[in-house]
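Here are a few exercises to work through with the structure open beside you. Try each one before reading its solution.

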2 protein chains.
Amino acid sequence: MSRPRARLLSIGDELVNGRTVDTNATHLARCLTDAGFLVVGIAAVGDGHGALATALTAAADDADLVVCTGGLGPTDDDRTRAALAEVVGVSLVEDAGAWKAIRRRWALLRPGQEPSPSNRRQALVPTGAEVLANDRGTAPGLLVRRAQTWIACLPGVPHEMIAMAERLIRILPRRFPGLVVPRVAELYLAGVGESLVQEHLYGQFDGEDPQVGITVSESGHLVLRVVGAPAAVRARLAILRRKVRPWLLPAPGLAASIIPTLAARSLTITTAESCTVGLVAAALGSVPGASAVLHEALVAYAPEAKRRRLGVAQAAVQEVVSQACVEAMARGARRRTGADVAVATTGLAGPGGGSPDLPVGTVWVAVADIHGVQSRSVRIDGSRARVQSRAVTEALLITWERLAASRTARGGIIAGKAVNDVPR
Amino acid sequence: MSRPRARLLSIGDELVNGRTVDTNATHLARCLTDAGFLVVGIAAVGDGHGALATALTAAADDADLVVCTGGLGPTDDDRTRAALAEVVGVSLVEDAGAWKAIRRRWALLRPGQEPSPSNRRQALVPTGAEVLANDRGTAPGLLVRRAQTWIACLPGVPHEMIAMAERLIRILPRRFPGLVVPRVAELYLAGVGESLVQEHLYGQFDGEDPQVGITVSESGHLVLRVVGAPAAVRARLAILRRKVRPWLLPAPGLAASIIPTLAARSLTITTAESCTVGLVAAALGSVPGASAVLHEALVAYAPEAKRRRLGVAQAAVQEVVSQACVEAMARGARRRTGADVAVATTGLAGPGGGSPDLPVGTVWVAVADIHGVQSRSVRIDGSRARVQSRAVTEALLITWERLAASRTARGGIIAGKAVNDVPR
């Protein structure tokens, strides 16, 4: 069966004037793709009623499912309900259940206060629409049919939308009886560039079932995504795993791979950071359970702190962006804290302070463990934020490589993870 | 004069299947709005040629300017050039300058290697199109006219797109001779919620000139944005400044306000972090020039590290998410490092470990200076990442409040900043 076609419509002036990034559409596009829909287009329009009704009609005319977000609030600017009623060709009526839910929420959050008439407006729904309960806000969601198309409207506040999208995804199969939910699997890679993987996997990206895609995650690792029929996904995964084995991570991200690996070996880690100013520790600390493995960490930004806290020799401190300095930092952090592994960074994040000999973006990273210390330098282009963020990736990468190199021959931790591995 | 209407079209399968957030469109929407255009819609489509040509035609039929991003790469999937030629009704021809630029870039990045035929394809442009040089990649941008509409195509790689958008914005006034570039000014607020500001500024958001909007930034502060004719913006700014004075920041963000304030007073700062695992130091370190003010910082995640490194008493360490503990951490960090100001965090970031007495999301923050120590607790809902990120905001906020309270009566540092204050 061909996949039902979905279109997304995001509503709000803050989107079209560039004040807010539309993360809602991306989240929904991913959920719907994983649920078996083909998202053919995403649109964003302002709050003006005319543009909204036009865009909604255009989307509904060319899709089996339209999901709108935003414009369900209590103010005059929130015109999604009215536009939806107009496009479907029905009138707005007050939904008793929705009004009750709004009063209940007010009683909870503002005891003794009555909802205002504008809040009561949030209980208005197009005749015949199904109301989707919102347990995180006052605006209920809506699901209504127009000819062959289902139109859903969800609130624009991201955490309300995310909770409600989950419920919407669960009830959609009843409206699309032939819907085939694909198998979705992901492999996570680090230590290799996107173009090299693409060359290495030449031919693997062709074809419709499974579809294979590659993206770079925000935290620097690559994601290989395989979507299709379960058997096709399984077969392709086996091939891909073999081809990308040297770069495979056991979990989605370097930090997410390092923490459980250390925990499984009963090892602890610490950081000694200069140009990353705590971001390496924070990346490790973003993983649940990190506290068992990361007991303490040090930001040694000033030369004096490197000397005093980490015992880096005066000579090494004088040439602060250097191999000698970063290795001394890693060794010093290990010695000082008693951690099994220590990772260190030093570099020039900019924007100022560069010279022809030592340009902005020069970064040294090192990792020290019981066997010794290992380091390397990179040159990173771009803003201060980019230099810092890429330096974190390099620091985590050298740490992961060190851990992976010292793992047992069984290599049990190295495996892809199916993210949607539901038996069907 | 009414503003020229602009539409944005983002091209790429990774956008419609939810793998990539479309930050390009947000950046362009903001640049174009600030340059005097009215962005009436944003759309995203996949790489398929048919959908792309349809979407491009629809956008061009209803706008004075269309800016596309993506699909200019060297692979078969990159179909923007062909779709553009089809929509404009001309053929593709090789541009000698573009081909020369591609060869020059190859000579620089891959000496001795010749560009492949697919790379040569990037020199193809619709007849009559103006080529926009790309100094960060091989794909040149394009600007071409179709009837009354200008269509620009920029590469999809964000840092290439950002550089080229800047150049596009500079050359657009020649194509839109009546374009009136509005004055754009921003005020930055912290320590107050969006809804309270909205109530407090009742009536200020109405009207067309100036337009006043409020958004919450990613790092937790509020942005009040005023856009319109210079005189109208100036007059409104004066009113707004008076109304929001208690919450005004001197720079875009808490960290960006704290660092120069400390520097101006020749003060230093340090952090002692538990649940934020280095993120407070990293936020301070994200500001250029932070190294003059932040010499070192400590992540004391384990109770033992709090005791050993910060001298927190055993009793306080036992109840680790408590006022006693966070205040002892701040005092200890100040004493130990000699910094003038120390900020501390301790809390339960989750997802596990909560109890009815101490639920996940409970966070204590403290700031210590020569006058003493001040602390407070907050309850933060949501994921581990959200608890950590909001805890950072709270830690920076209590620090900023302490600094602001101790400033001189002149209050010279407290002032809004016009971001586009070009004399015209």
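**Exercise 1.** Find the domains into which chain A is divided, then see how domain 2 and domain 3 of chain A touch.

*Solution.* Start with the bounds in this predicted model: chain A splits into domain 1 (5–175), domain 2 (183–249) and domain 3 (254–405). Next, take the C-alpha centres of domain 2 and domain 3 of chain A, which sit 29 Å apart. Now look at where these two meet: six residues of domain 2 of chain A contact six residues of domain 3 of chain A. Finally, sort the domain 2 side by class, and you get two nonpolar, four polar and no charged residues.

**Exercise 2.** Describe chain A as a whole: what helices and strands does it have, and what share of its residues is buried?

*Solution.* Count the elements, and chain A gives you 15 helices and 17 strands. Then check burial: of the 424 residues in chain A, 50% are buried. For the extent, the C-alpha atoms of chain A fill a box of roughly 80 × 55 × 40 Å along the principal axes.

**Exercise 3.** Work out how chain A and chain B meet.

*Solution.* Begin with the totals: 55 residues of chain A and 54 residues of chain B take part in the contact. On the chain B side, strand S2 (residues 38–45) supplies the largest share, seven residues. By class, that side has 27 nonpolar, 19 polar and eight charged residues.

Conventions. Residues are numbered from 1 along each chain as its sequence is written. Chains are lettered from A and ligands numbered from 1 in the order in which they are written. This is a predicted model: local features need pLDDT of at least 70, side-chain atom pairs count only at pLDDT 80 or more; totals for chains, interfaces and linings use all residues. Two residues are in contact if their C-beta atoms, placed from the backbone, lie within 7 Å. Helices (H or I, at least four residues) and strands (E, at least two) are DSSP runs, numbered from the N terminus. Ala, Val, Leu, Ile, Met, Phe, Trp, Tyr, Cys and Pro count as nonpolar, Asp, Glu, Lys and Arg as charged, and the others, Gly among them, as polar. A residue is buried if 20 or more other C-beta atoms lie within 10 Å of its own, exposed if 12 or fewer, and partly exposed in between; C-beta atoms are placed from the backbone. Domain bounds come from an automatic or database domain assignment.
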